[in-house]
Amino acid sequence: MFSRRWGFGWDSYSEVDLFTDRYDSSAETLSQAIRAAASEEPDADGSVPFGHLQGTVVGLRFYTGVVNQGEMVGLVRQPQNPYDRNAVMVSNIYGNQVGHIKRELAAAMAHVMDNNLAKVEGVVHSGTKNSFTMPVMLSFWGQEENKNAVMESMSRRGFKLNSGASKATGASQNSYTQGQGARAYSSKKGLTTALSAEELKNAFDNLFDGLMESKDGEKQAAESVGTPLMPHQKVALSWMCARENKSTLPPFWEKRGELYYNTLTCFSAKEIPEIIRGGILADDMGLGKTLTTIALILTNFHKGKPLPVEICKERSSPFKAKTQPDMASKLEGSSAGDEAAGSLCSDLPQVEVIDSEEVVVKSEKSTSKGKRKATKRQPSKGAEAPVLLEDLGFAAALGGSAADSATKKKKTGKKAAPTLSEESFIADSAEDLSARPTLIICPLSVISNWLDQFEQHVRADVKLNVYLYYGPERNRNKNFLSSQDVVITTYNVLSADFGNKSPLHAINWLRVVLDEGHVVRNPNAQISKAVLDLTAQRRWILSGTPIQNSVKDLWMLLAFLRLKPFDAKEWWNRVIQRPVTQGDRAGLQNLQTLVKCITLRRTKSSEKDGRPLVSLPEKTVSVEQVELSQTEREEYELARNEGRNTIGRYVAEGTVLRNYADVLAILMRLRQHCCHPDLLAKTSSDLGAAATPAELRERLIEKLRSVLASGSDEECSVCLESVRLPVITHCAHVYCRPCIAQVISSEQENARCPLCRTEIKANELVEFPQEKMEEEKCANPDKWRTSSKVQALMGNLLRLRCEDSSIKCLVISQFTRFLTILETPLREQGFSFVRLDGSMSQKKRTQVIQEFQSSAADGPSIMLLSLKAGGVGLNLTAASHVFLMDPAWNPATEEQCIDRCHRLGQTRRVVVTKFLVKDSVEETMVKIQKQKQELVDKAFGSTNTDKKTSRIDDIKALMEL
DNA sequence: ACCGCCGGGTGCC
DNA sequence: ACCGCCGGGTGCC
C-alpha cells in the first residue's frame with residue numbers, strides 16, 4: 001500500500017542536521033528552521049485558498065526522509081543553498097528532508113514565498129513510483145489581497161494555478177489540507193458542511209467539557225502520601241500514571257502491520273513515534289490538582305514504582321548519610337559496580353507496609369512479627385533500619401546520584417537493566433532512568449500553596465527533598481538541584497535564568513509540571529521559550545481553565561507536551577488551527593480528538609457513578625431569634641429614638657452624606673447594643689465643643705473607635721472599599737490614610753473633607769494610637785457582664801459539648817471586641833478556644849489554624865473568628881458548626897465565612913446558626929441583605945454615586961424612616 | 001530513470 | 001548530414 005524507500009537512516013527522525021552535512025552555513029536543525037520560518041508569518045486564520053498546482057520533488061535519493069501516499073509535506077525556502085538561491089526544500093512531518101522542488105518551479109515559488117505573498121503547502125498523493133522524483137500537489141494560501149499578485153507571478157514563470165476545482169467541493173479542499181487519510185476519515189463521518197460561527201464557538205467552549213473518561217480505574221497512592229485520596233483523585237492518579245508509564249500511541253497514530261501510521265498526516269514510520277508522557281490535568285479548582293500531582297510524584301517514580309523515600313523517625317538517619325552515596329559510587333564503577341548493585345538488590349531488606357500507620361522492615365532472614373515491632377522502635381539499628389519505603393534494589397539501580405555525567409547516566413541505566421523486570425525494560429529501552437527530580441513551575445502567588453500542600457499531604461515521617469528555587473540566594477548548583485525530589489520555582493525565575501547559564505535548563509528532569517499552565521500563552525514571550533526549552537521525560541500542565549480565548553492558546557500547551565507534529569507551528573496551523581477557524585468539521589473533530597487524548601477534566605458538577613464528584617455534606621442554616629432583656633431593650637429603644645431623630649433630621653436637611661460618619665456611628669451603636677452593651681463607646685459619642693486640643697484628640701479617637709468598632713466593614717468614602725489604615729479628620733469623618741492623603745496633596749491648601757467640605761489639613765489627621773489598641777485588648781475581666789446574645793451562644797455551645805464533645809465551632813463576629821468579650825464566659829466554662837482576627841501576623845494565623853485543624857484530643861474546640869479575617873483561602877474544615885453573632889451588610893461576606901468550613905474536606909454535616917435580635921436594626925439589615933441579593937443578579941457595575949445613594953436608602957430603611 | 005537530456009556515432013532501401 | 005536516428009552515459013538544489 002505504501003512504498004518505502006531507504007529503510008535505513010531512521011534511528012532518529014526528529015532532528016536531522018541538514019545544513020551542516022552538505023555545506024557549512026548554520027548549525028540550525030531543520031525543525032528549528034521550520035519553526036523560525038513559521039513564527040515570522042502571520043497567523044493562518046485569515047488565509048484563503050489561491051489554488052493548487054502539480055509539482056515535482058527531485059533529489060529523493062540524496063535524503064533519508066520518507067513520505068507515503070497521501071502524506072503532507074513541508075516546503076521550506078533555502079536561500080543559502082549554494083547551488084540555487086531559489087531552492088525550496090521538501091520535508092516530511094518530522095522535519096526530515098525528502099528532496100527539493102524542481103528548479104524552475106522553485107524559482108517561481110521562491111518569489112512568492114520570500115515576499116510573503118502566499119504560504120505553500122504540499123501533499124504527496126501518489127506516493128513514489130521510483131527513487132528519484134515524485135509528484136507533489138502544492139496548494140497556495142494567503143491573504144485575499146495577494147491572490148492576484150501570486151497568480152500572476154506564478155503564471156509569468158509558466159505555472160498556472162488551478163483554483164476552480166478546489167473550491168468546487170469542501171471535501172476535495174480538505175484533501176489538500178489534511179491528506180487522503182483524513183479525507184476518508186471525515187467523509188466517513190459525513191462531516192462535509194462547514195460549521196457556522198455559532199456552532200464553532202459552542203463546540204469550542206465545550207472543547208474541554210466531559211473529558212473525564214478514564215479507563216484506567218482508580219489507583220491507590222503510595223504509602224508516603226499521608227492524605228487519603230478521594231475517588232476522583234484516585235482516578236486522576238491512575239490516569240496520570242498510565243499516561244506516564246503506558247506506551248500508548250499518541251493521538252492519530254495506529255499500528256499497521258510493521259509500521260506506525262499517522263491517520264491525520266498519513267505519515268508512517270517503522271519506529272514507534274515518541275510517546276507523549278504527560279498531558280493536561282484540567283480539573284476545576286478545588287478538586288485537588290495539587291494533591292493529585294503530589295501523589296503522582298510519590299507514587300510513580302519509574303514504571304509504577306513509588307519514589308524511594310527515606311523514613312526518618314529520628315532526626316539523624318544513618319542510611320542517608322552513609323549508604324546512599326556509597327551505592328551511587330558503586331554504580332558509577334565498571335563491572336565491579338554491577339555486582340555490587342546486584343548484591344545490594346538481593347541482600348538489602350525489603351520494606352513492607354503493614355498498614356497505613358506502621359512501616360516496618362521485612363528481611364529475608366527474619367520476618368517474625370516481634371522482630372518487626374522491634375525494628376520499628378529502633379530504626380537506627382544497622383541494615384534493619386526502616387529507611388526506604390520501596391524496593392531498595394530498584395532504587396539503587398536507578399542511582400539518584402546527581403554527579404553522574406551524561407555518559408555515566410546512560411551507563412548506569414543500561415547496567416541497571418538486569419535488575420529491572422523484563423517487561424518494563426522492553427517497553428522502551430531509550431528511557432533515561434537516571435532522572436529523579438520533578439520541576440514544578442508556578443506563579444509566585446501559589447508557591448506557598450505548594451509548600452503547604454507538600455507539608456500537609458506527605459507523611460510527616462517521610463523525608464522528601466523539596467527545594468524552593470527562588471530568591472537571590474537560590475542554589476544554582478546543578479548537582480544539588482538534580483539530587484532533589486522536587487524543585488519548585490516560578491515562571492519569572494525560570495525565564496530570568498533562561499539564556500543565562502540556567503541550571504534548570506541543564507538538568508534532565510524526570511518530570512516538569514506547569515501549574516496554572518494557561519498563563520503561558522504567548523508563544524513569543526520569553527517565558528514560553530524558557531518553558532519549551534526544558535529537558536524532561538514527562539511533562540504535565542495543570543490548569544483549571546486551559547483555554548482562555550481561542551484555539552491559538554492550545555498551541556503552546558501542545559508544543560510544551562511535544563505532541564508532534566503540532567509542536568511546529570506550521571503543522572499546527574495547517575492541520576488544526578486553520579481548518580477549525582474556517583469552520584471545518586473534520587478539523588474541529590481532530591482538535592476534539594487531540595484534546596481528549598491528552599486531557600482529564602472534571603468540574604465541580606461532574607458526576608461519578610451517578611453521584612456528584614465532590615459531594616459536600618449537607619449544610620443547614622437557621623436563624624435563632626434573641627430576645628433582649630428588659631434593661632437591654634430599654635437602652636436600645638433609647639438609643640434608637642435618639643438616632644432616629646438625628647438621622648431623620650439629616651434626611652430632611654439632605655445632609656446625610658455630610659454627616660455620614662455620624663450616621664454610621666449611630667447605626668453602629670444600635671448594632672452594638674444588639675450584641676453587648678460593653679461594645680459601646682464608654683463616653684459620649686457626641687463631639688460637642690472640645691475645650692483643649694488634647695480633649696479634641698481624645699474625643700476623635702473615641703469616635704474613631706466607635707466607627708471602626710473593631711473590624712466592621714465600614715467603607716472609605718474615597719475608595720469605597722473597606723477602610724485601610726483608618727484616620728479620622730477633625731470633622732470626624734473616617735478614611736483610609738492613603739486615600740485622604742492623596743485628596744489633601746492634590747488640593748493643597750484648599751483641601752476639603754470629601755463628605756462635609758470642611759477644610760482639612762494633613763497634620764490634623766488622627767489615627768488610633770497603638771497604646772489604646774493594647775488597652776482595648778485587655779478589657780477588664782472584673783467588670784464583665786453578660787448579654788442576651790452571649791447567653792444564646794453559650795447555651796448552644798454547652799448543649800453541643802454535651803451532645804458530642806468532638807464537634808468544633810466557629811464563632812464569627814464583625815466586632816473583634818465582641819470576640820474579646822466572649823473569651824470570658826468561654827474560659828469560665830472551660831472551653832478550649834483559639835482566636836483569629838485581622839490584627840494577627842501571617843505567621844500567627846497559620847499557627848492558630850494549624851492548632852485548630854489538628855485532631856488532638858485536647859485541641860481547641862472553638863475558634864473566635866472576626867468576619868473579615870475569615871475571607872477567602874482559609875481552610876477550617878475541622879469546624880462543623882458556625883455561629884454568626886451579628887449580621888453583615890454584605891451577605892456574601894457571611895457566605896464566604898461559612899464556606900471556610902463547608903468546603904472540600906468537610907466530613908460532617910454543617911450547621912449554621914445566625915443570631916438575630918428580635919425587633920431590631922439587625923432584622924432590618926437582613927431584609928436589606930435579601931433585597932440586595934436579588935439586585936446583585938440584575939445590576940452589575942454601579943457607579944460610586946449609585947453606591948452612596950443606595951446606602952442612604954439602606955439607612956432610611958434601617959431607621960424606619 | 002521502464003524517463004528526459006546530452007552528445008558522439010553514424011547514415012538509402 | 002548545416003539533418004534524423006540510434007544507443008550509451010547520465011541524473012537535485
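Which strand holds Arg 77?

## Arg 77

The model is predicted. In it, Arg 77 belongs to strand β2, which covers residues 71–77. With a relative accessibility of 15%, Arg 77 counts as buried, because the cut-off for that class is under 20%.

The side chain of Arg 77 takes part in two kinds of polar pairing. A polar contact of 2.7 Å links the side chain of Arg 77 to the side chain of Asp 114. A polar atom of the Arg 77 side chain also lies 2.7 Å from the backbone oxygen of Ala 87.

## Asn 300

Asn 300 sits in the loop that runs between α9 (289–299) and β11 (310–311). Is Asn 300 buried or exposed? Its relative accessibility is 0%, so Asn 300 counts as buried.

The side chain of Asn 300 makes a polar contact of 2.9 Å with the side chain of Asn 245. Not counting residues up to four places away in sequence, Asn 300 touches Asn 245 together with Cys 241, Glu 244, Lys 305, Arg 511 and Arg 538.

## The loop between α18 and β18

Two residues of this loop can be set side by side. Leu 504 lies between α18 (491–497) and β18 (508–514), and Lys 501 is placed in the loop between α18 and β18 as well. Leu 504 has a relative accessible area of 0% and is therefore buried, whereas Lys 501, at 76%, counts as exposed because the cut-off for exposed is over 50%. Lys 501 also has a phi near 50 degrees, a positive value in a residue other than glycine.

What does Leu 504 contact, leaving aside its neighbours within four places in sequence? The residues are Leu 439, Tyr 469, Leu 481, Thr 489, Leu 494, Trp 509 and Leu 534. One of them, Leu 439, is 65 residues from Leu 504 in sequence, while the C-alpha atoms of the two are 8.5 Å apart in space.

## Backbone details in two other loops

Cys 266 is in the loop between β8 (259–262) and β9 (268–269). Its phi is near 65 degrees, which is a positive value in a residue other than glycine. Cys 266 counts as buried because its relative accessibility is 1%.

Pro 565 is in the loop between α20 (552–561) and α21 (569–581). The peptide bond leading from Lys 564 to Pro 565 is cis, and its omega is near 0 degrees.

## Helices α23 and α24

Helix α23 spans residues 630–653 and helix α24 spans residues 660–675. The two pack with their axes 10 Å apart, at an angle of about 165 degrees. Angles over 145 degrees count as roughly antiparallel, so α23 and α24 are roughly antiparallel to each other. Their crossing is left-handed.

On the α23 side, the contact is made by Glu 635, Tyr 636, Ala 639, Arg 640, Gly 643, Thr 646, Ile 647 and Tyr 650. On the α24 side, the residues are Asp 662, Val 663, Ile 666, Leu 670, His 673 and Cys 674. Sorted by class, the contact has 8 nonpolar, 3 polar and 3 charged residues.

Notes:
Residues are numbered from 1 along each chain as its sequence is written. Chains are lettered from A and ligands numbered from 1 in the order in which they are written. This is a predicted model: local features need pLDDT of at least 70, side-chain atom pairs count only at pLDDT 80 or more; totals for chains, interfaces and linings use all residues. Side-chain values use heavy atoms; hydrogens and water are left out. Helices (H or I, at least four residues) and strands (E, at least two) are DSSP runs, numbered from the N terminus. Buried means under 20% relative accessible area, exposed over 50%, partly exposed in between (1.4 Å probe, protein chains only). A polar contact is a pair of N or O atoms within 3.5 Å; within protein, one must be able to donate a hydrogen and the other to accept it, and residues adjacent in sequence count only if both atoms are side-chain atoms. Contact means heavy atoms within 4.5 Å. Axes are lines fitted to C-alpha atoms, for helices over the stretch in contact, and angles run from 0 to 180 degrees between N-to-C directions. Angles under 35 degrees count as roughly parallel, over 145 as roughly antiparallel, 65 to 115 as roughly perpendicular and the rest as oblique. A crossing is left-handed if the near helix is turned anticlockwise from the far one by less than a right angle, and right-handed if clockwise. Ala, Val, Leu, Ile, Met, Phe, Trp, Tyr, Cys and Pro count as nonpolar, Asp, Glu, Lys and Arg as charged, and the others, Gly among them, as polar.
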